[in-house]
Amino acid sequence: MDQNDKITRRQAVAGLGATIAAVTVSPALAMGGTGTTARGPVKLDDPTTKYPKPPFKYQPQPWPGLQSQMVPRPDCGETSYKGSGRLMGRKALITGGDSGMGRAAAIAYAREGADVAINYYPTEEPDAKEVIALIRAEGRKGIAIPGDLRDEAFCKQLVQRAVTELGGLDIVVSNAGRQQAASSILDITTEEFDAIMKTNIYAPFWIIREALPHLPPGSAIIGTTSEQAYDPDPWLYAYAQTKAATMNYVKSLAKQLGPKGIRVNGVAPGPVWTALQVSGGTTPDKQQTFGSWTVLGRPGMPVELASIYVQLAATDASFATGQVYGSSGGVGQP
Ligand code: NAD
Ligand code: MG
């Protein structure tokens, strides 16, 4: 919810005159519906020109990268995402919430009315600070819990701190991921393979297992998988198989937890302009042409996936479980 929304909402509640209501109230309200957001007509955006297209400047960063140093900066909805109360009072933990898709989800969740705890690697503090400030600007709790997800003990502490500081938990977004490109399997060290497996497969297991006893019926678990789960690139041998594993755990856990009233779903992005890509996630040539191969001729921006994370968490999506929702610019579908 931005300032304008707060003001117009207050105005609507206070029952200001019909003239103001006519220009500020959403169609749902104008028609006597129960919409809670007041705004004008939706501006039509051409998806081919909405965001920057390649070529991009080659801009390698050491892992895990900071999106605040990227050119162009990824758009995570900082100035554009508008909420409508879809997650009012919910309590969310999001891993990788400092940047990229996790940051877009964190901003959107706060603007939809949720309190949000984010995890990130300690060196990502500058990005994380911005997210916490944006969450708190919505009047929501914003809790920063830095730490290394490759450590089982930390994953347990992360969940316990989130539960304590949020006063409960009903949304878990297991979004953090490690991607390091290698043109040959011969170039992948056991240490790197292990780090990818720990981050992308073990950490979600540790976190979800720790969180489960705290999740009431109606809760939602969301994993970030990838187009790589279906259509792996040759230079992502290690990473791509973890995304297939993510897609798979979403489906098995959905079956296991459905009877408990807990939904489990996945989001499968295509090429999205994020810090992961410039901090070892892709090859130098692919970094410069990143996303040119989609049917829109550009990579996605994290904010373009924010509404999917909201939808999968919202209670009105109560029949969606075991689903993987894609958003990939027309490539990499199953
Ligand atoms: P990102 O770099 O902005 O986010 C990834 C986050 O993972 C980092 O910010 C970091 O906080 C976290 N992380 C990684 N290792 C960690 C560790 N050991 N400890 C703590 N945190 C750790 O990039 P993103 O693209 O937004 O990535 C989010 C998710 O989206 C990942 O699961 C990624 O695999 C997935 N994904 C990305 C793309 C893409 O093109 N960007 C496509 C498909 C799927
Ligand atoms: Mg980051």
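Student: How do the axes of α7 and α8 sit, and at what angle do they cross?
Tutor: In this predicted model, helix α7 (residues 190-211) and helix α8 (residues 237-257) have axes that come within 9 Å and cross at roughly 15°. That makes α7 roughly parallel to α8, where angles under 35 degrees count as roughly parallel, over 145 as roughly antiparallel, 65 to 115 as roughly perpendicular and the rest as oblique. Axes here are lines fitted to C-alpha atoms, for helices over the stretch in contact, and angles run from 0 to 180 degrees between N-to-C directions. Helices are DSSP runs of H or I with at least four residues, strands are runs of E with at least two, and both are numbered from the N terminus.

Student: Which residues of α7 and α8 make the contact?
Tutor: From α7, Phe193, Ile196, Met197, Asn200, Ile201, Pro204 and Ile208. The α8 side includes Tyr237, Tyr239, Tyr249 and Leu253. Contact means heavy atoms within 4.5 Å. By class, the contact of α7 with α8 has 12 nonpolar, 4 polar and 1 charged residues.

Student: Quick housekeeping: what are the numbering and the confidence rules?
Tutor: Residues are numbered from 1 along each chain as its sequence is written, and chains are lettered from A and ligands numbered from 1 in the order in which they are written. In this predicted model local features need pLDDT of at least 70, side-chain atom pairs count only at pLDDT 80 or more, totals for chains, interfaces and linings use all residues, and side-chain values use heavy atoms, with hydrogens and water left out.

Student: What is the mean pLDDT of the chain?
Tutor: The mean is 90, and 88% of the residues reach 70 or more; pLDDT is the predictor's confidence in each residue, from 0 to 100. Over residues 1-36 pLDDT stays under 50, and the model has 39 contacts beyond four places in sequence for that stretch. Where pLDDT is low, the predicted coordinates should not be read in detail.

Student: On to the sheet. In what order do the strands run?
Tutor: The open sheet has 7 strands in the order β3-β2-β1-β4-β5-β6-β7, with parallel pairing. Two strands pair if DSSP finds at least two bridges between them. β3 (142-146) and β7 (324-327) stand at the edges, each with a single partner strand, so one side of each is left without a neighbour in the sheet. The twist averages 15° from one strand to the next.

Student: How many bridges join β1 to β4?
Tutor: 3 bridges join strand β1 (residues 91-95) to strand β4 (residues 171-174), and Ile94 stands opposite Val173 in β4.

Student: How does α4 pack with α11?
Tutor: Helix α4 (residues 100-111) and α11 pack at an angle of about 60°, their axes 8 Å apart. That makes α4 oblique to α11. The contact residues include Met101, Ala104 and Tyr109 of α4 and Leu305, Tyr309 and Val310 of α11. By class the contact of α4 with α11 has 11 nonpolar, no polar and no charged residues.

Student: And α6 with α7, at what angle do they cross?
Tutor: Roughly 40°, with the axes coming within 9 Å, and α6 and α7 are therefore oblique to each other. Among the contact residues are Glu152 and Lys156 of α6 and Arg209 and Glu210 of α7. The classes there are 7 nonpolar, 1 polar and 4 charged.

Student: Where are the cis peptide bonds?
Tutor: One joins Trp63 and Pro64, with omega about 5°, and another joins Val71 and Pro72, with omega about -10°. Pro64 is in the loop between α3 (27-30) and β1, and Pro72 is found in the loop between α3 and β1.

Student: What does Glu78 touch?
Tutor: Leaving aside neighbours within four places in sequence, Glu78 is in contact with Gln67, Arg103, Ile107, Arg111 and Leu134. Leu134 lies in helix α5 (residues 125-137).

Terms used:
Ala, Val, Leu, Ile, Met, Phe, Trp, Tyr, Cys and Pro count as nonpolar, Asp, Glu, Lys and Arg as charged, and the others, Gly among them, as polar.
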